[in-house]
Amino acid sequence: MEILYVIKIGGQIIDDDALLSAFLSKFAAIKSKKILVHGGGKMATRLAEKLGIPQQLIDGRRITDVETLKVVTMVYAGYINKNIVAQLQSLHCNAAGISGADGNCILSHKREKAGIDYGYAGDIDLVNTDWLKQLLDTGIVPVVAPITHDGKNQLLNTNADTIAQEIAKALSSSFDVSLVYSFEKPGVLTNVEDENSVIKILHAGDYGELIKSGKIFAGMIPKLDNAFAAIRQGVRKVIIGKGEKLDQLITGNSGTTISHE
């Protein structure tokens with residue numbers, strides 16, 4: 001099957017113009033088919049503060065009330081998305097900036113959790129793989145903002161890590177998919193204080209033992225649980241590491257690789 005990279009960049013890259021420029025140069029240079037999913041960074045929070053819109057987080061997740069939804073849609077699907085697209089076009093990478101509402105790309109439902117109202121936060125139900133494949137087959141690189149919809153005229157703020165995972169899983173029956181998560185660390189570390197303690201290759205059989213021994217710190221466990229879930233559902237490998245080393249991540253020369261092999 002043809003190779004496809006689904007690559008997610010986090011806020012730490014989006015918030016740094018130099019890092020973003022370097023990352024996009026490496027992303028544009030990838031010859032295989034590719035999809036970029038981006039987060040929102042701190043821009044939405046800063047704009048909300050300027051507009052006098054209070055922001056609330058529960059367990060690190062933004063509570064998306066009506067006014068906050070307007071802000072994140074403007075920032076994520078507007079400025080950040082189109083800024084990325086414009087930079088990619090300057091690098092001769094023909095990108096199209098989309099949200100989950102465009103082309104009916106990602107259908108979600110309003111998150112429901114006992115005792116917690118996350119507002120207009122969305123959990124994904126369906127990815128429109130046919131439409132994404134049409135874009136990819138015409139040589140267009142989708143750049144996906146973390147805004148989805150419910151099919152009933154409601155936009156929803158949706159976690160970018162989850163969007164990347166769901167897109168990768170949905171397309172794994174049509175492509176040989178590698179899912180790349182970029183964040184501030186060089187990979188999965190056995191010692192959070194030592195950036196040289198990167199686990200180069202992580203197998204499912206070793207994962208439980210590393211958790212029991214306390215060698216994988218708590219903040220990484222949700223990311224790794226998601227990574228192994230993606231592997232079990234058809235994604236060939238998941239790569240975790242620094243976005244500024246994207247060229248090395250996809251060749252296996254940096255970061256942590258999680259695979260069946």
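Trainee: Among contacts in the protein chain with a separation of 6 or more, what share comes from residues 24 or more positions apart?

Mentor: Such residues account for 69% of those contacts, where contact means heavy atoms within 4.5 Å. Keep in mind that this is a predicted model, in which local features need pLDDT of at least 70 and side-chain atom pairs count only at pLDDT 80 or more, while totals for chains, interfaces and linings use all residues. Residues are numbered from 1 along each chain as its sequence is written, and side-chain values use heavy atoms, with hydrogens and water left out.

Trainee: How do you know whether the radius of gyration of the protein chain agrees with that of a compact globule?

Mentor: The rule is 2.2 Å times the number of residues to the power 0.38, with the radius taken over C-alpha atoms. For 261 residues that gives a value near 18 Å, and the protein chain has 18 Å, so the two agree. Along the principal axes, the C-alpha atoms fill a box of roughly 45 × 45 × 35 Å.

Trainee: Why is Leu132 called buried?

Mentor: Buried means under 20% relative accessible area, exposed over 50%, and partly exposed in between, using a 1.4 Å probe and protein chains only. Leu132 has a relative accessible area of 0%, so Leu132 is buried. Across the protein chain, 49% of the 261 residues count as buried.

Trainee: Where does Leu132 lie, and which residues is it in contact with?

Mentor: Leu132 belongs to helix H5, residues 129-137. Helices (H or I, at least four residues) and strands (E, at least two) are DSSP runs, numbered from the N terminus. Setting aside neighbours within four places in sequence, Leu132 is in contact with Ile98, Cys105, Val127, Pro142, Ile167 and Leu171.

Trainee: How do you know which strands pair with S8?

Mentor: Two strands pair if DSSP finds at least two bridges between them. S2 (residues 33-38) has two bridges to S8, in the parallel sense, and Val144 of S8 is the bridge partner of Val37. Strand S5 (residues 95-98) is joined to S8 by four bridges, also parallel, with Val143 of S8 as the bridge partner of Gly97.
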